[in-house]
Amino acid sequence: MKHIYFFLSILLVCTSCTQKKTPAREFLRGGDISSLTYLENSGVQFADAQGTVYPDVLDLLQSQGVNCVRLRLYNNPGTPVEYREGNDMYRFRTVISPEAGRPAGGYQGQEDILSLARRAKAHGMQICLTFHLSDFWSHAGLQLIPANWAHITDNEVLADSVYAFVSSFMQLMQAQNTLPEIVSIGNESNGGILFGYTYMDGDVYHPETAVPYGGHYSNEAGMRRLFGSAAKAIREVAPEAQIAIHLNGAHAQNMQAYKWLLPMINPADFDVIAGSYYPYWAHEQKAEDDTPATMGEWAKQIWEAFHKPVLIMEIGYAWTQYRPAERYGGDYEGQLHLNGSYNEATPEGQRRFIEQMHSVIDADEHILGYLYWDPILVEQKHDGQWLPIGWVEDGNNDVGNTTWFDYEGKALPILDAIRLHDVQGSAY
């Protein structure tokens, strides 16, 4: 009998050990750091809440529980672009145009993103890589085909170009042992990818209408082919990576957009459904509840409809209503303003918002986590002068009031909330 009890006790101990070793899915808490090289070269400094400067902000973010970064890759950053919204024509060249002292290929080009990937992996962080498939920032209403591909009219040739570009960069990531855990094909691709206006060398491509070819929503076969060619390239090089399709409006009132677009893409060509969620924009889109609860309802409906996990690819909350008055010469509101029905823009409000996000995600095993939008694109002085930090060459920074750092570069309370959630643990 003693022998029986002995073997039973050994069995119980071994069972307990086995249960402890069962891998748990990691709750992704992170943000987009694609502009980091540009910021560092511009003189931006990052400090903790006490004012201690960190030469590498990734050291600080790692200590605060950030475990994933988003990296956005452009094809040929710096290419001048032109596009129309309604009756207005916009002409921009991004700040990432290649010049002396900048990475070969420009900020957010291949060399820059490869460097940031090495730094992220050295800090033990996962990587979510986004192929913008554009020379310029893209979103739901703006998908500018790269200048090098703008004259391609054969969809199969365009698909081959996508395959070659994606495959080549994924192989570069593989060669330096920084393969991403998640790869997004496009950015907020509600209407598809690879169409619109481009401006290059004085020629305006298709100035009359948006281009109804390639991955445009009016060409379902073409869109399926383009997403499929990108997915094929990713699967061949990184079969373990999760492929994401990213749309905006991750709230329950926007479900129809997902139910409309995603069936046009081969289900085998993506693993994760990603969405952008901002209380401000949810409120503007007349969401009945623009707190994280409506995002949680959206996630449940996504799982029921598609049986794929979700990732909150973008979130943001303004910690102050205004841009720096000293820089802009007055009280100009920053992007997101008063955060929708929250009607509050304070550091503590930003902290409470992320704590609410944690609670909703903890309660749903099908939500992988979140990635904050431009948490490091700060407004900051250097030697008494405001640094010309912005999305385009005029240095206009629309999101300086939504970052994780104040106008002196000091960490805001939101980072404490991320750290404490990491210490206390999540449902995973």
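**Strand pairing, core and salt bridges**

User: What stands opposite T130 in strand 8?
Analyst: S184 in strand 8 stands opposite T130. Strands here are DSSP runs of E with at least two residues, helices are runs of H or I with at least four, and both are numbered from the N terminus. This is a predicted model, where local features need pLDDT of at least 70, side-chain atom pairs count only at pLDDT 80 or more, and totals for chains, interfaces and linings use all residues. Residues are numbered from 1 along each chain as its sequence is written, and side-chain values use heavy atoms, with hydrogens and water left out.

User: How does the chain get from strand 7 to strand 8?
Analyst: Through helix 5 (residues 155–175), in a right-handed β-α-β crossover. Right-handed means that, with the strands pointing away from the viewer, the path from the first strand over the helix to the second runs clockwise.

User: Is strand 7 buried or exposed?
Analyst: Six of the six residues of strand 7 (residues 126–131) are buried, so the strand is largely enclosed by the rest of the structure. Buried is under 20% relative accessible area, exposed is over 50%, and partly exposed is in between (1.4 Å probe, protein chains only). Q126, C128 and T130 point one way, and I127, L129 and F131 the other way.

User: Which residues have the most contacts inside the largest nonpolar core?
Analyst: F131, V166, W298, M357 and F405, in a core of 107 residues. A nonpolar core is a set of buried Ala, Val, Leu, Ile, Met, Phe, Trp, Tyr and Cys residues joined through side-chain atoms within 4.5 Å.

User: Changing topic, how many salt bridges are there?
Analyst: The structure holds 16, each a side-chain nitrogen of Lys or Arg within 4 Å of a carboxyl oxygen of Asp or Glu. One of them pairs E326 with K381 at 2.5 Å, N to O. E326 lies in helix 10 and K381 in strand 17 (residues 381–382), so this pair ties together parts that are 55 residues apart in sequence.

User: Is E326 buried or exposed?
Analyst: E326 is exposed, at 56% relative accessible area, while K381 is partly exposed, at 33%.

Technical notes: Two strands pair if DSSP finds at least two bridges between them.
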